[in-house]
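Trainee: I have this one open on my screen and would like to go through it with you. Please start with whatever I need in order to follow your wording.

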Amino acid sequence: MNVLIVYATTEGQTQKIAKFIGGILSAGGHQVRLHNVSDPSGGLSLSDYDKVIVAGSVHSGAHQSDLQLFVFAHRDQLGGLPGMLVSVSLAAAFPDTAEEAKKYVGTFLEAAQWQPAQIVMVAGAVKPGIYDWFQQSALRDGDLASHLAKDLQGTKEFTDWDDLTRKITAFAGT
């Protein structure tokens, strides 16, 4: 099976997740192509693939605009393929913010006019070393502040790799 993994990344966690998914699928004997939507090169043709996984992360309440534009532009072709949306956010990491994560997904899918066969919400990471003062302040004082250490020292991954492995393996088998 040929699987396309299309992704957009802001801080690198979604790229890490996309590569992880690609590794799972490759180990299962599938042909995989990773495509960062920010890279205009590549001669991409969705008709070459049996399934597609679209992965993007949420920042400031929305997925990357490049990803949304890609999905909107290819919505007819995507609609003809078994597809999965992998939405990466900190809101997906905690039970009390899970509904917020679902709203981000709903907003993205409505704007992109696409309905994948499966939706997976994946917890992201906090990478304070790359944040400016404003971004660090937003984390310390924002909606997720009660879930994060006040000192924001070092990268903290919330991604459940085992759960993601199970979901990708099941998607590959369908």
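Mentor: When I call a residue buried I mean that its relative accessible area is under 20%, when I call it exposed I mean over 50%, and partly exposed covers what lies in between. Please also keep in mind that this is a predicted model.

Trainee: Where does lysine 167 fall, then?

Mentor: Lysine 167 has a relative accessible area of 31%, so it counts as partly exposed. It forms a salt bridge with aspartate 163, in which the closest N and O atoms are 2.8 Å apart. Both residues belong to helix α6, where they are 4 residues apart, about one turn of the helix.

Trainee: How many salt bridges does the structure hold?

Mentor: There are 3. One of them is between lysine 102 and glutamate 99, whose closest N and O atoms are 3.3 Å apart. Lysine 102 and glutamate 99 both sit in helix α4, again at a spacing of 3 residues, or about one turn of the helix. Lysine 102 has a relative accessible area of 44%, which means that it is partly exposed.

Trainee: Changing topic, how many aromatic pairs turn up in a search of the whole structure?

Mentor: The search finds 2. In one of these, phenylalanine 94 and phenylalanine 158 are arranged edge-to-face, with 5.3 Å from centre to centre and 70° between the planes. That pair links distant parts of the chain, since phenylalanine 94 is in the loop between β5 (83-89) and α4 (98-112) while phenylalanine 158 is in the loop between β8 (156-157) and α6 (161-173), 64 residues apart.

Trainee: Are phenylalanine 94 and phenylalanine 158 buried or exposed?

Mentor: Phenylalanine 94 is buried, and phenylalanine 158 is buried as well.

Trainee: Which rings have a charge sitting over them?

Mentor: One is the ring of phenylalanine 171, where the charged end of lysine 51 sits 4.8 Å from the ring centre. Another is phenylalanine 72, with arginine 75 lying over its face at 3.9 Å from the ring centre.

Trainee: What about helix α2, which residues are buried there?

Mentor: In α2, which spans residues 65-73, the buried residues include Leu67, Phe70 and Val71. They cover an arc of only 95° around the axis, so they lie on the same side of α2. Leu69 and Ala73, on the other side of α2, are exposed.

Trainee: And what do the buried residues of α2 pack against?

Mentor: Their packing partners are β1 (2-7), β3, α3 (75-79) and α4.

Trainee: How does serine 26 come out on accessibility?

Mentor: Serine 26 is found in helix α1 (residues 13-27) and has a relative accessibility of 42%, so it counts as partly exposed. Its C-alpha atom is separated by 9.4 Å from that of valine 3, which is 23 residues apart from serine 26 along the chain.

Trainee: One last thing from the backbone: what is the phi of glutamine 113?

Mentor: Glutamine 113 has a positive phi of about 55°, although it is not a glycine. Most residues other than glycine have a negative phi. You will find glutamine 113 in the loop between α4 and β6 (118-123).

Key: Residues are numbered from 1 along each chain as its sequence is written. This is a predicted model: local features need pLDDT of at least 70, side-chain atom pairs count only at pLDDT 80 or more; totals for chains, interfaces and linings use all residues. Side-chain values use heavy atoms; hydrogens and water are left out. Helices (H or I, at least four residues) and strands (E, at least two) are DSSP runs, numbered from the N terminus. Buried means under 20% relative accessible area, exposed over 50%, partly exposed in between (1.4 Å probe, protein chains only). Rings of Phe, Tyr and Trp (its six-membered ring) pair if their centres lie within 6.5 Å; planes under 30 degrees apart count as stacked, over 60 as edge-to-face and the rest as tilted. A charge sits over a ring if NZ of Lys or CZ of Arg is within 6 Å of the ring centre and within 35 degrees of the ring normal. The arc is that of the directions from the helix axis to the C-beta atoms. Contact means heavy atoms within 4.5 Å. A salt bridge is a side-chain nitrogen of Lys or Arg within 4 Å of a carboxyl oxygen of Asp or Glu.
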